[in-house]
Amino acid sequence: MSSEFVVGLDMGTTAVSVLVGEFTADGETRIVGAGAAPARGVKKGVIVNIDEASASVREAVSQAEHMAGVEIRGVCASVSGPHIRSFSSRGVIALPAGRREVTARDIEKVTEAARSITLPFNQEIVHSLPQDFAVDSHPGIRDPIGMSAMRLEAEVHIVTALGMPLENMMKVCKKTGLEIVDMVFDPIASARAVLTREEMNLGCLLVDVGGSVTSYALYHGGTVRASGVVAAGGVSVTNDLAIGLRSSASVAEQLKLSHGVALASLAGEEEKVMVPGVGEREPREIRTQILAAIIEPRTEEIFTMVKKQVGADPYYRLLGAGIVLAGGGSQLRGMVEVAEEVFDLPVRLGRAANLMGLSELVDSAGWTTGVGLLLWGGDRIAAQGGGGPADRVRWMFHRIKQMANLFS
Ligand SMILES: Nc1ncnc2c1ncn2[C@@H]1O[C@H](COP(=O)(O)OP(=O)(O)OP(=O)(O)O)[C@@H](O)[C@H]1O
Ligand SMILES: [Mg+2]
């Protein structure tokens, strides 16, 4: 059975992670390699030092290559940051006279029509994801292929990003000998890894609490309806602790990981923890209630910012499957409870499901974006009609050309 490798590169603010998946002809994605390195040269989700960022990527890629026993070249990379924007756009086309049946090519054309909009300065389109179609003014059609029509309309979810950060990401990859074959906005990748099809249909909000940003994607009727980013995450919690306890960021991070809790009522009354002194100062003992009292308002604020942004979307009122949390920041004890309070909806922690291979290695919220990137890459290959390697190479070149066009 022939198989093919898909590589996910998650260039986060705190860590770079790389996963290598083997995509078999029967549609399974098996994880065969993984690598991770602390992110250097990245600030607030944006590359600020090409050399440092390249060294981090190289370190993670080398580990993954070694484990998988393959050389990595084409990658499906994550993109995030406060510069991301998203909105819906409408495309309309008339079917050619003499042919009145919608084809896959028409779907491409109508999606392309929805992309023909004036973008804010220096923004580039990362995704254009069709939501619903209208055939001869009959709305709410999910799959119009094969239908008789004279006119086809599409509502399309568009995600854009600032050109400069994307260009820098490409530079880092090029310097590391990698080629980006596809880019996926973080929460869309995470959602692919943790949401079930049923949740995507019923209505579900995926919230990825990362290091410096928290991103979200809202699904309903099996498709993305809204997405966005707020500029706060796990690092904001750590910084608050460092200020509140008058200690360093590394001490605050350790305390957060070992004793942090997002909801004050979950911290034990009597539980205490030692805070190492900074400089010549003596270590102090504090109650974990104090940690929780610092952490709770920030986590509440993060979820409130997300709710404020996405709450105005009409689909927000249709979240039959509630909220799913992903990202490293969601692993803080009590996050589910805080989210339930803020959103007033049922919340669960997302875990990457249905993985073969090294699943025990990546069964953690910090890897969900990487796993989603792999599955996304696998989907794209499968969407080429399960064609042979030649088709897949053609698709890769098509995507590379599209990526290159972003900056031409
Ligand atoms: N067990 C844990 N408990 C609490 N916080 C955690 C835990 N594990 C990781 N984190 C926090 O998660 C954050 C990093 O999350 P993640 O790895 O998803 O971010 P990233 O992808 O590097 O960043 P971003 O998505 O913002 O670019 C850090 O702030 C870290 O402190
Ligand atoms: Mg992330």
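Guide: Let's start with one pair: Arg90 sits opposite Glu155 in β10. A quick word on the model, which is predicted: local features need pLDDT of at least 70, side-chain atom pairs count only at pLDDT 80 or more, and totals for chains, interfaces and linings use all residues. Residues are numbered from 1 along each chain as its sequence is written, while chains are lettered from A and ligands numbered from 1 in the order in which they are written.

Back to the sheet. β7 and β10 (residues 151-162) pair in the antiparallel sense over ten bridges; strands here are DSSP E runs of at least two residues, helices are H or I runs of at least four, both numbered from the N terminus, and two strands pair if DSSP finds at least two bridges between them. Zooming out, four strands make an open, antiparallel sheet in the order β7-β10-β8-β9. Its edges are β7 (85-94) and β9 (138-141), each pairing on one side only. From one strand to the next, the twist averages 40°.

Now for the helices. α2 (residues 104-115) packs on the sheet, touching β7, β8 (123-135) and β10; contact means C-beta atoms, placed from the backbone, within 7 Å. The direction of α2 makes about 125° with that of β7, where axes are lines fitted to C-alpha atoms, for helices over the stretch in contact, and angles run from 0 to 180 degrees between N-to-C directions. Then there's α3 (residues 163-175), lying across β8 and β10 and running at about 70° to β10.

Technical notes
Two residues are in contact if their C-beta atoms, placed from the backbone, lie within 7 Å.
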